[in-house]
Amino acid sequence: MKLKKVNTKSIDEIREEMIDRVTTSKSDIFRIGEQCRQDYESMTTELQNIKDMMVNLIEEGNQLEDQVYQARLMLSEVSMNFKHYTEEEVREAYEKAHQLQMDLSINWQYKKQLLEKRDDLERRLIGLDDTIDRADQLISQISVVMNYLTSDLKQVGEVIETAKAKQDFGLKIIEAQEEERKRLSREIHDGPAQMLANVIMRSDLIERVYKDKGPDEAFAEVHSYKKMVRAALYEVRRIIYDLRPMALDDLGLVPTLRKYLKTIEEYHNHSRIEFVNIGLERRLPTKYEVALFRMIQESVQNALKHANACEIKVRLEITNDAVTVLIKDNGVGFDTSIKKPESFGMIGMRERVDLLEGEITYDSKIGKGTSVLIRVPLIN
């Protein structure tokens with residue numbers, strides 16, 4: 001079957017439209033996340049103020065309880081020796097005891113109101129943290145698509161014109177982008193919207209626990225939620241770092257890889273990642289550092305997510321003429337003799353290597369792990 005000539009101008013227009021739409025979606029989600037962060041900071045300050053007021057009220061309440069106790073003793077004394085006190089002294093004793101009891105009751109009511117407000121703020125903070133986490137995840141996923149659109153497809157117009165395989169790759173990118181948009185829409189619906197609904201249900205739950213079982217059980221419930229928040233915050237930090245480490249621009253490839261792989265190892269505490277640099281530790285042109293970092297990142301993520309590897313070794317060698325990277329894992333592996341459609345990530349890696357005029361090879365056996373060898377010449 002004769003292949004039709006591809007209109008590269010139309011492909012570029014489609015790519016630009018895709019970039020515009022994805023950028024708009026990313027900006028909207030970013031604004032949601034920033035608003036949540038501002039609300040989180042404001043609520044955190046308000047929560048701390050409430051806690052400080054609670055401390056003062058508790059101290060005041062303890063003092064009032066002592067004063068009420070003393071007043072009751074005085075009333076008892078007056079009742080038993082009524083004839084020894086004047087009418088004015090009796091009235092003052094009763095009024096003082098009554099006023100102190102009223103002050104103690106007001107103190108208790110105020111503490112109860114502050115306690116309810118504190119619990120409500122803590123529940124809302126949990127919901128905001130979950131929303132921030134979901135927004136950052138969505139931004140991370142959008143950034144992956146943007147990376148393919150702005151980097152891997154930058155020269156697609158010139159390359160795709162002469163090969164049907166390149167045409168299929170471009171169509172696959174479009175299909176993946178549309179699927180990503182659907183998934184993002186679904187995740188926003190199932191994520192932040194559902195989480196806000198859960199906040200209301202959680203608040204009702206803790207309120208019922210507090211009323212039925214008392215503050216100790218309610219505090220235990222809040223404590224468990226705090227653990228979830230800490231885990232979510234850790235995940236947020238990991239995702240933010242995963243978007244594009246600032247150290248890549250500031251320090252270069254080697255220090256960034258060292259820090260990134262250590263962070264991933266800490267997150268996947270069941271896996272061990274070893275990084276060895278046996279070559280020069282010097283800066284490379286930006287296009288090399290970004291491409292190499294993304295390829296190593298993709299290989300390590302594949303080993304963790306798909307190969308279930310518990311041990312990964314990354315060896316980097318930078319010479320004056322080339323960069324060589326070996327990523328080896330002890331995962332489940334695969335049969336290289338069986339031809340299967342490559343994953344989106346593997347296709348992207350090959351495109352990156354081609355743009356740098358390098359080469360990438362895979363060596364794997366079922367049950368014996370996988371080795372990925374990348375070699376990129378440095379063109380001065």
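**Cores and salt bridges in a predicted model**

Trainee: Which residues have the most contacts inside the largest nonpolar core?
Mentor: In this predicted model, they are Val300, Ile312, Val314, Leu316, Val325, Ile327 and Ile374, and the core has 36 residues.

Trainee: Which elements give two or more residues to this core?
Mentor: The helices are α7 (253–267), α8 (286–305) and α9 (344–355). The strands are β1 (272–277), β2 (311–318), β3 (322–329) and β5 (369–377).

Trainee: Which one gives the most?
Mentor: α8, with 10 residues.

Trainee: What does Val314 touch?
Mentor: Leaving out residues up to four places away in sequence, Val314 touches Leu261, Glu274, Phe275, Val276, Ile296, Val300, Val325, Leu326 and Ile327.

Trainee: Changing topic. How many salt bridges are there?
Mentor: A search of the whole structure gives 10. In one of them, the side chains of Lys117 and Glu46 meet at 3.3 Å, N to O.

Trainee: Where do those two sit?
Mentor: Lys117 is in helix α2 (residues 87–152) and Glu46 in helix α1, 71 residues apart, so the pair links distant parts of the chain.

Trainee: What does Glu34 pair with?
Mentor: Arg37, with the closest N and O atoms 3.2 Å apart. Both lie in helix α1 (residues 8–80), about one turn of the helix apart.

Trainee: Which residues are linked in a network of salt bridges?
Mentor: Asp120, Arg123 and Arg124.

Technical notes
Residues numbered from 1 in each chain as written. Predicted model: local features only at pLDDT ≥ 70, side-chain atom pairs only at ≥ 80, totals over all residues. Heavy atoms only, no water. Core = buried A, V, L, I, M, F, W, Y, C linked by side-chain atoms within 4.5 Å. Buried < 20%, exposed > 50% of the residue type's maximum accessible area, 1.4 Å probe, protein only. Helix = DSSP H or I, 4+ residues; strand = E, 2+ residues; numbered from the N terminus. Contact = heavy atoms within 4.5 Å. Salt bridge = Lys/Arg side-chain N within 4 Å of Asp/Glu carboxyl O.
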